[in-house]
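Then we turn to the helix and the core.

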Amino acid sequence: KKFKTFTAFAMLQSKVLRAFTNILVTATALSFTSVTAFVIYTKSANKHSYSPSIITNKWSKLLASTSTVKCQDAIWEDQTESDSCYYQKMELPSRNKQKSHAIFGHLLKADYIEKYEVYKRINEVGMESPELILVNVQLGSQLDGHEGVIHGGILSLLFDDAMGFAFTAMGIKVAFTANLNVDYRAPVLANSKVVIRVRLSKQEGRKLFFSAQMTNPDSSLLYAEGTTLYIIPRELE
């Protein structure tokens, strides 16, 4: 009887030990998965923090004082840019002059969107660049979602409008947004200055694919990235 009791106790100990071992292995695996996910997320975030043409504080000051800026004045000190291009302030297309326009008719005022300047990249003959548009924006204090943070819908509005200027820069009179995707990378605080750069990704017939990045003035912080599909109406094709 004592032998049976001892055997049963030994078997119980073995089961408890196996259960504890399983729990330990599972916990270790979950911990490793979490660390791996964090590393992947961190690498992904770092990957998206790169901007090929970095705007300097000097560039922001130039924007406030002139209608044209040379490309080499709009980059990092350790990068090179051709002197055969420049940025030129764009005139507003007729659609943006309407009193009912969301930005230019209602939000372009103190404490809301305080500054919204659009520049077109001009390249000399023989030079090509996918970048079309640069937008210099000063945001105010009355556009919050969470307190002190600009509403994500406002950032989407800025992306959509900025990419609309891109098709205008291409000489296309009318195109309509068919799709807009925005990935938010960091919160934009109230009263922030942001810069949006728009590039043409590709064109397929009446379809225009644009991509854009929103950063702080010196491009050390990526706030958001956007992509959009515009459709040119058939009658204007």
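**Along the sheet**

Start with a pair of residues: Lys89 stands opposite Tyr119 in strand E3. The model is a predicted one.

Val135 leads onward. Its bridge partner in strand E6 is Ile196. E4 (residues 131–139) and E6 (residues 193–204) are antiparallel and share seven bridges.

Next comes strand E7 (residues 207–215). Nine bridges link it to E6, and the pairing is antiparallel. Within this pairing, Val198 faces Ala212 of E7. Two residues separate E6 from E7 in a hairpin. In its turn, Gly205 has a positive phi of about 60°.

In a regular strand, side chains alternate between the two faces of the sheet. Keep that in mind when looking along any of these strands.

**A polar residue under cover**

Gln213 sits in E7. Is Gln213 buried or exposed? Its relative accessibility is 16%, so Gln213 counts as buried; the cut-off is under 20%. Its side chain makes a polar contact with the side chain of Glu225, at 3.3 Å.

**The helix**

Now look at helix H4. It has 18 residues, and at 1.5 Å a residue these should span 26 Å. H4 is mostly covered, with 13 of its 18 residues buried. Just after the helix, Gly171 takes a positive phi of about 90°.

**The core**

Nonpolar side chains tend to be buried together in soluble globular proteins. In this model, the largest nonpolar core holds 41 residues. Which of them touch the most other members? They are Tyr116, Ile133 and Leu158. Several elements supply at least two residues each: helix H3 (102–107), E3 (113–123), E4, H4 (152–169), E6, E7 and strand E8 (222–231). H4 gives the largest share, 10 residues.

Take Ile133 as a close-up. Leaving out residues up to four places away in sequence, Ile133 touches residues including Val118, Tyr119, Ile196 and Val198. Other contacts of Ile133 include Ala162, Phe165, Ala166 and Ala169. Met90, Lys120 and Arg197 are also among its contacts.

Conventions: Residues numbered from 1 in each chain as written. Predicted model: local features only at pLDDT ≥ 70, side-chain atom pairs only at ≥ 80, totals over all residues. Heavy atoms only, no water. Pairing = 2+ DSSP bridges. Helix = DSSP H or I, 4+ residues; strand = E, 2+ residues; numbered from the N terminus. Core = buried A, V, L, I, M, F, W, Y, C linked by side-chain atoms within 4.5 Å. Buried < 20%, exposed > 50% of the residue type's maximum accessible area, 1.4 Å probe, protein only. Contact = heavy atoms within 4.5 Å. Polar contact = N/O pair within 3.5 Å; in protein donor to acceptor, adjacent residues only side chain to side chain. Expected span 1.5 Å × (residues − 1).
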